[in-house]
Amino acid sequence: MTKKVLVILEPIYSTYEPLKSLEILLRKIEIKYIISPKIKEIMKHNETRIFSSDHRIISISKSNGFENTFEIDCNWTFDVETKSREITDNLNNIWINKDALNFNGKNFSTVLKCGIIWDIYEHLSQFLTYQCLIKDENVYSVFSENSNSLAGKIIESASHNLEVRYSSIYNSVYRKIRNFFFNLMNFKGFKSLFKEIGLYIKIRENSSHKSTKKKILVDAIYKNYLNNIIPVIENEFLKKEFDIYFLSQNTDLKDKNLKFKTIQKFKFKGKLKETKKLLDELFDRSGVLDKVFEYENVNLQWLKDELYSIIKKELPYLLRKMEIAETLFDDLSPDIVLIGDDRSEVTRAGILPAKQRNIPVFEIQHGLYNQPKLMFNLISDKICVWGEYTKKILLEAGISPEDIEITGSPYYDNLANINIQSKSGKPYKTLLFATQPTNIKVNLKIVDKIGTFMNKSEEFKLIIKPHPLENKDIYQDFSKKFPNKVFIKDINDDITKLLINSDILLLESSTVGLEAALLEKPIIGINFNNNKSVYISGNVAVEVTNIRDLINSIIEIANNEELNKKLSEARSKFVYEQTYLKDGKSSERIAKIIKSTLN
């Protein structure tokens with residue numbers, strides 16, 4: 001009698017773009033010459049199903065003759081956010097009681113916990129996905145590729161929890177070396193944040209104007225943070241009275257066309273011996289932490305080991321960031337610090353010394369906020385948010401209402417004066433698809449569905465704006481099926497200009513939707529995984545839950561005046577809740593708050 005078994009193939013792990021192509025090539029070789037023969041042996045004696053969460057691996061598997069490879073979305077009822085918060089809080093309390101993360105009177109656990117909670121949430125979600133999959137398939141045995149990889153350890157843990165037999169297909173010295181290499185290279189993405197970090201001063205437009213004693217320090221190691229901070233410091237209320245300093249990357253400031261002068265560049269060399277000693281103290285082997293890393297009486301040792309590995313890599317850089325900030329605050333003595341995201345470990349490491357010196361810290365919101373259970377109290381003194389929606393999320397997260405100022409988004413100030421010209425004389429309507437990198441397979445299905453329809457219709461054309469983390473060549477090659485119908489833009493193209501010249505936006509979830517709403521553009525909200533975006537819940541997007549309904553939704557939104565009237569009415573309320581007043585004065589409001597704080 002044949003037994004039902006499940007083989008789980010690991011996804012592509014590389015987040016560092018130059019490494020991704022290499023890993024895909026290696027995976028093709030591994031699956032063809034190492035894994036396929038093993039699977040064929042398993043299939044001789046068992047009813048075999050093959051699963052992967054990665055469409056690229058599914059494609060590689062099927063190209064090797066395994067048509068029984070599948071991909072599903074598992075839904076569970078367990079509250080992962082609450083459990084992630086519980087583990088993080090318990091871990092944090094143990095560390096605080098040990099006084100292990102106290103550096104010159106600064107509690108560094110308030111830095112680490114912001115990253116830890118998201119790592120726990122991500123890996124615990126993966127554990128539950130595998131457990132749900134194994135349970136739903138009702139199998140006798142589960143095979144992973146390798147028991148030494150993180151995925152292998154998670155699959156083994158999920159199998160044992162369900163009392164299902166577990167085996168790995170192959171463990172080898174090569175695989176250990178490969179895992180080590182890719183983990184090391186993926187960390188380059190984090191290290192690259194510190195590559196060109198330095199202290200820079202903005203050059204004043206009026207060179208005859210003497211330097212003032214008032215100083216603003218912008219701590220923006222991530223490029224996106226500058227999008228909402230730069231309009232504020234360019235405001236007339238500030239730029240005449242303050243010298244503006246940046247703790248940022250040289251290339252980011254150049255990309256923003258800022259005129260600046262380099263004052264100092266910093267080297268990042270971690271203190272590995274000191275860090276290891278500290279980590280051994282934090283993750284002691286006495287069993288104190290065993291109860292913390294439990295789920296339904298299952299010991300999640302793999303999660304503990306993964307957190308150790310992550311913190312071991314990041315901690316030297318975070319501590320170095322704090323040291324640099326301490327020196328800057330002593331030497332520069334800024335009157336105020338502006339940041340882009342209080343939730344970031346890298347940002348928090350830099351502003352702890354500011355709090356110790358009673359230097360006010362203002363956060364200027366740079367992106368959408370959600371999942372309040374995964375957020376912690378602010379370190380910054382004030383957060384300037386875009387609208388009522390964000391304020392509600394922050395209040396749910398326990399942030400004091402006195403620390404929240406609704407100002408609107410400085411990044412969108414320039415949209416207030418844009419005049420959208422009527423394109424009624426145009427012979428076709430332009431669809432703009434702003435993709436997300438989460439599932440390229442689904443993105444290509446959407447392009448294929450629309451392109452096939454447009455080959456029979458002259459009414460529409462499709463523009464694809466790939467996400468900055470995607471490779472546009474994938475879409476470029478695919479679009480050849482639809483000449484003169486589907487056009488691929490560069491990942492760095494100005495999305496605002498694309499929106500202005502488009503008639504309908506298609507997206508899953510992105511701040512691009514906010515721009516579309518501000519520009520009075522109708523939105524089609526893709527929701528194939530039962531996860532409503534803020535645009536769908538805000539009634540400014542037509543929801544599409546099945547690809548079969550996509551074309552009908554496009555036709556309806558293009559031709560139904562009554563529907564567009566309802567969407568327009570909903571947009572007015574939505575824009576106010578999300579970005580406050582559409583008056584182009586968000587930067588001015590923040591500038592005035594900064595001035596009043598310092599006067």
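# Strands, surface and cores in this model

User: Which residue in strand 2 is the bridge partner of Ile 8?

Analyst: The bridge partner of Ile 8 in strand 2 is Phe 51. This is a predicted model, in which local features need pLDDT of at least 70 and side-chain atom pairs count only at pLDDT 80 or more, while totals for chains, interfaces and linings use all residues. Residues are numbered from 1 along each chain as its sequence is written, and side-chain values use heavy atoms, with hydrogens and water left out.

User: What makes strand 1 and strand 2 a pair?

Analyst: Strands are DSSP runs of E with at least two residues, helices are runs of H or I with at least four, and both are numbered from the N terminus. Two strands pair if DSSP finds at least two bridges between them. Strand 1 (residues 3–8) and strand 2 (residues 46–51) have six bridges in the parallel sense, so they meet that definition. Strand 2 is also joined in parallel to strand 3 (residues 69–70) by two bridges, and there Ile 50 stands opposite Thr 69.

User: Why are strand 3 and strand 7 said to stand at the edges?

Analyst: The open sheet has five strands in the order 3-2-1-6-7, with parallel pairing. Strand 3 and strand 7 (165–168) each have a single partner strand, so one side of each has no neighbour in the sheet.

User: Why does Tyr 33 count as exposed?

Analyst: Exposed means over 50% relative accessible area, buried means under 20%, and partly exposed lies in between, with a 1.4 Å probe and protein chains only. Tyr 33, in helix 1, has 57% relative accessibility, so it counts as exposed.

User: Why are Arg 571 and Thr 327 placed in other classes?

Analyst: Arg 571, in helix 21 (residues 561–579), is at 4%, which is under 20%, and therefore counts as buried. Leaving aside neighbours within four places in sequence, Arg 571 is in contact (heavy atoms within 4.5 Å) with Ala 517, Glu 520, Lys 521, Pro 522 and Val 540. Thr 327, in helix 12, is at 40%, which falls between the two cut-offs, so Thr 327 is partly exposed.

User: What makes up the nonpolar surface patch?

Analyst: A patch is made of residues with over 30% relative accessible area and no salt bridge, with nonpolar side chains (Val, Leu, Ile, Met, Phe, Trp, Tyr) joined within 5 Å and like charges within 9 Å. A salt bridge is a side-chain nitrogen of Lys or Arg within 4 Å of a carboxyl oxygen of Asp or Glu. Here the patch, of about 480 Å², is made by Leu 22, Leu 25, Ile 29, Tyr 33 and Phe 181, and its largest share, four residues, comes from helix 1 (residues 17–45).

User: Which residues touch the most other members of the largest nonpolar core?

Analyst: A nonpolar core is a set of buried Ala, Val, Leu, Ile, Met, Phe, Trp, Tyr and Cys residues joined through side-chain atoms within 4.5 Å. In the largest one, with 78 residues, Trp 95 and Phe 108 touch the most other members. Helix 12 (residues 301–332) gives this core its largest share, 15 residues.

Conventions. Areas by Shrake-Rupley, 256 points an atom, 1.4 Å probe, with all protein chains shown as cover.
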